[in-house]
Amino acid sequence: MGERIKKLKKIRIHREGTDELLYTLFALIAIGVILWRSFSNPIPFIIFMAIFGSAWLLMLNFYRCPIRYFNGNTEKTVVAPADGKIVVIEETEETEYFHDKRLMISIFMSPLNVHANWFPVDGRVLFVHHQDGNYHKAWLPKASEENEHADIMIETPDGQQVLVRQIAGAMARRIVTYAKDDEECYIDEHLGFIKLGSRVDVYLPLGSKPCVAMGQPTTGDQTVIALMP
């Protein structure tokens, strides 16, 4: 029981969802009271609460924000910036910033995953750039370049540059980025938040060693996805 309480204390609700959760809860209660008082038969009230109460609980699950700390060595370590599963591990030509080949590792987040994003490396934010675009399904290869996305370029203490790309999906229509130009950043800090299904790409220097496999589940700020050269 004590361990269960300890785990519960490590779960909080992300600030991006507190207003939405409160407003929808008040609306649910108000409509529920009206239905309860308006009908002698409780069935309309039961049906309404079963459907919309379940939807509210799914929303509550979506806005979970676990308190996590990475306990390993952070030097040359790249941790998962998001919960989800690995959908891409490949060398690719990055033509927008680096103009050379990079190792790209991509994590797809389903609507059931925690949608907070963490910084994958320690370092300094060189710039943040938001690009409008389409809303293809996030797991498709073209989503990385054509979908709405936010790019965060980080320089590590030893001078390596890492690009993190938050990508909107078919349902995700809001990308929130907390990273700011020229600020120091650290593993364990929140980089941002993406609403509903979406994806995060990480572009690493060639010679980086992947530590994950295709289809492997990841835990943000916990799973080591690569070691840089």
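Buried here means under 20% relative accessible area, exposed means over 50%, and partly exposed lies in between, using a 1.4 Å probe and protein chains only. Strands (E, at least two residues) and helices (H or I, at least four) are DSSP runs numbered from the N terminus. This is a predicted model, in which local features need pLDDT of at least 70 and side-chain atom pairs count only at pLDDT 80 or more, while totals for chains, interfaces and linings use all residues. Residues are numbered from 1 along each chain as its sequence is written, and side-chain values use heavy atoms, with hydrogens and water left out.

S12 has antiparallel partners. Strand S6 (residues 116–118) is joined to S12 by three bridges, and within this pairing Asn117 stands opposite Gly192. Strand S10 (residues 175–177) also pairs with S12 over three bridges in the antiparallel sense; there, Ile175 has Ile194 as its bridge partner. Two strands count as paired if DSSP finds at least two bridges between them.

In soluble globular proteins, nonpolar side chains tend to be buried together.

Leaving aside residues up to four places away in sequence, Val78 touches Pro120, Val121, Val202, Leu204, Thr223, Val224, Ile225, Ala226 and Met228, where contact means heavy atoms within 4.5 Å. Strand S3 (77–79) is an edge strand, as is strand S14 (209–210), each pairing on one side only. They belong to an open sheet of three strands in the order S3-S16-S14, with antiparallel pairing. Three bridges link S3 and S16, and Leu227 in S16 is the bridge partner of Thr77.

The aromatic rings can be taken next. Rings of Phe, Tyr and Trp (its six-membered ring) pair if their centres lie within 6.5 Å; planes under 30 degrees apart count as stacked, over 60 as edge-to-face and the rest as tilted. The count comes to three aromatic pairs. Trp36 and Phe45 are edge-to-face, at 5.1 Å centre to centre and 70° between the planes. Trp36 counts as exposed because its relative accessibility is 54%, whereas Phe45, at 24%, is partly exposed. Phe48 and Phe52 have ring centres 4.8 Å apart and planes at 35°, so this pair is tilted. Both residues lie in helix H3 (residues 43–62), four residues apart, about one turn of the helix. Phe48 is buried at 13% relative accessibility, while Phe52 is partly exposed at 43%.

For the protein as a whole, the secondary structure comes to four helices and 16 strands. Buried residues make up 45% of the 229 residues. Among contacts between residues at least 6 apart in sequence, 72% join residues at least 24 apart.
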